[in-house]
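Colleague: Before I rely on the labels attached to this model, I would like to hear what each of them rests on. Could you take me through them?

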Amino acid sequence: MKSKKRHADRLSTLPYEMLQHILSHLTSEEAVQTSLLSHRWRDVYAGVPVVDLIDPKSGRNKQEQLVCFDQQVTGAILCKSPGTPISTFRLNAFSPPLDLLHQWILIAVSSGVEEIDVKLRYLHCSKRRLCPFGSSNKASADFDQHERKSYVKTQHHLFGCPTLRRLRLANWTLHLPLGGVAMSATLDTLCLARIMDPKDQLQQLLSSCPHLAHLTLQECPSLTDITLTSARLKSFAMICCHHARRVELSSHRLQLLQYKGGLLPHNSLFKLADHAGVVALKIEICQDLSDQEPTQFAPATELIKGCTKLAHLHLSLRPSMAHCSSFFFTDVLPCMQHLRQLGLQCCFRNDNDVRSVAVLLGETENLEVLSLFPLGSETQKDVGTWYWSDSESDTEPEDGGGDGVDYSSRVTDGFWPTHIRCLDDKLRRINIWNYRGLQLEKMLAKFLLSKAAALEEFSVTLTAGCSQNKSKIAKEVRSWRMNHHTRVTVNRC
């Protein structure tokens, strides 16, 4: 009897409403599959107020046409139990028929939908990022000429839905009603990605959303000068909108600001109503800074300095932090006393790059969480020798392992900042992504672990090429701990 109780299916005994809530976190296809579990589960999926499907087709294989995604979406809509609304309509579709797409969205709007998230894909369109700093010779901040006017136009009933709270659109052409658009007062989240705007209607759309709390604009070439009047705006993200010249945010509630693009212009890109209210800032510079003067980073430092109560900061500088350190550190560090979480994304090409991270930490006395995202590759010729404690110039093999020599222990004490206060009693967690076990990565990791007295967790995520050395790397990292209560986790990519 005890054995039967121990293996009882307690999940199936939950009320239908709770089971439907659980299934609402799955895709529609996964939810339908649960009907095979037992008689109890047979009709649960029909009461789930979510349509969430991804079209597997790419259009490059004729056999893919056997997957009738159009019927799958229609079936997911029509199979709902009477009285079940569609509160979430989430679709990733490859060139759907326009009449069906129109009907699907119309049914969702009529059903009292709260979230619409529709990403469209096309065979004839380029998949490249709209960024002029890409690796391709054809990298550009705008759509290809042959793509123009090829995206599906936004349907009028997408705008003005009285129940809509979240709207996310990717790969559409913005097309507003002639008489203007009156967005619902309930809309608080708007995300637009790769939107064509031949009639320059983006500002009109944003002006019609007076109650927005969260706005994301990604790879929208038509964005040049915009003004956001919503007094409720809490977060704003602008990602690779490289034609932007002026962004005015009038909200005094703004807390999160994200920018990804080229170097900020000297005449400030952002005009904020209240810099001091921003507590989380993310700045990612796409372009290579190697040929730029460190002073070119001044507008970015001015933005950071203005956020006097900043608690979360993420910086991504290519190729490295060290290039801007002489200007950046002296100008910004005094303003970082409130910082609690710091993320750094850069290359470790030489000793200076490693030391620049340590110098930055030296002024973040209240830092609690540090996240590192190493980029690019480390080469032997980039590794300096003038910081080593003896005159030998032995270097570790480029793959980072195999000769049994602990190079990170040969750095003199004078290499590091004299005192990093956050390592004494504040820093609780360190995360390192894309870890390959190369010399400079080891150097920094060992320094942090050997000095962080209050560290609770040190997490490493390996690149695919290092996954087979997981046990060896975990053992090595654990040996560097100053605090043996620090929990070390090594994860595969």
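Colleague: Why is T154 called buried?

Modeller: The relative accessible area of T154 is 3%, and buried means under 20%, with exposed meaning over 50% and partly exposed anything in between, for a 1.4 Å probe and protein chains only, so T154 counts as buried. Bear in mind that this is a predicted model, in which local features need a pLDDT of at least 70 and side-chain atom pairs count only at pLDDT 80 or more, whereas totals for chains, interfaces and linings use all residues. Residues are numbered from 1 along each chain as its sequence is written, and side-chain values use heavy atoms, with hydrogens and water left out.

Colleague: Where does T154 lie, and which residues does it touch?

Modeller: T154 is placed in the loop between β3 and β4, where helices (H or I, at least four residues) and strands (E, at least two) are DSSP runs numbered from the N terminus. Leaving aside residues up to four places away in sequence, T154 touches F159, L169, W172, T173, L174 and H175, a contact being heavy atoms within 4.5 Å.

Colleague: What makes the approach of T154 to H175 a polar contact?

Modeller: A polar atom of the T154 side chain lies 2.8 Å from the backbone nitrogen of H175; a polar contact is a pair of N or O atoms within 3.5 Å, where within protein one must be able to donate a hydrogen and the other to accept it, and residues adjacent in sequence count only if both atoms are side-chain atoms. The loop between β3 (115–121) and β4 also holds S136, whose side chain has a polar atom 3.1 Å from the backbone nitrogen of K138. S136, however, has a relative accessible area of 43% and is therefore partly exposed.

Colleague: How do you know whether strand β5 is enclosed or open?

Modeller: Five of the five residues of β5 (residues 189–193) are buried, so the strand is largely enclosed by the rest of the structure. T189, C191 and A193 point one way, L190 and L192 point the other way, and all are buried.

Colleague: What makes β5 a partner of β4 and of β6?

Modeller: Two strands pair if DSSP finds at least two bridges between them. Five bridges join β5 to β4 (residues 166–170), running parallel, and five join β5 to β6 (residues 214–218), again parallel. With helix α6 (residues 202–207), β5 and β6 make a right-handed β-α-β unit, meaning that, with the strands pointing away from the viewer, the path from the first strand over the helix to the second runs clockwise.

Colleague: Why is the pair of Y259 and F270 called edge-to-face?

Modeller: Rings of Phe, Tyr and Trp (its six-membered ring) pair if their centres lie within 6.5 Å, with planes under 30 degrees apart counted as stacked, over 60 as edge-to-face and the rest as tilted. By this rule there are six aromatic pairs. For Y259 and F270 the centres are 5.9 Å apart and the planes stand at 85 degrees, so the pair is edge-to-face. Y259 is in β10 (residues 256–261) and F270 in β11 (residues 270–272), so the pair ties together parts eleven residues apart in sequence. Y259 is buried at 7%, and F270 is buried at 4%.

Colleague: And what makes W416 and F447 stacked?

Modeller: Their ring centres are 3.9 Å apart and their planes lie at 10 degrees, so this pair is stacked. It links distant parts of the chain, W416 in the loop between β15 (369–375) and α10 (422–425) and F447 in helix α11 (residues 439–451), 31 residues apart.

Colleague: What makes N171 and the bond from R318 to P319 worth a note?

Modeller: Most residues other than glycine have a negative phi, and most peptide bonds are trans. N171, in the loop between β4 and β5, has a positive phi near 70 degrees, while the peptide bond from R318 to P319 is cis, with omega near 5 degrees.

Colleague: How confident is the predictor in the chain?

Modeller: The average pLDDT, the predictor's confidence in each residue from 0 to 100, is 85, and 86% of the residues score at least 70. Over residues 378–409, though, the pLDDT is below 50, and beyond near neighbours in sequence this stretch has 65 contacts in the model.
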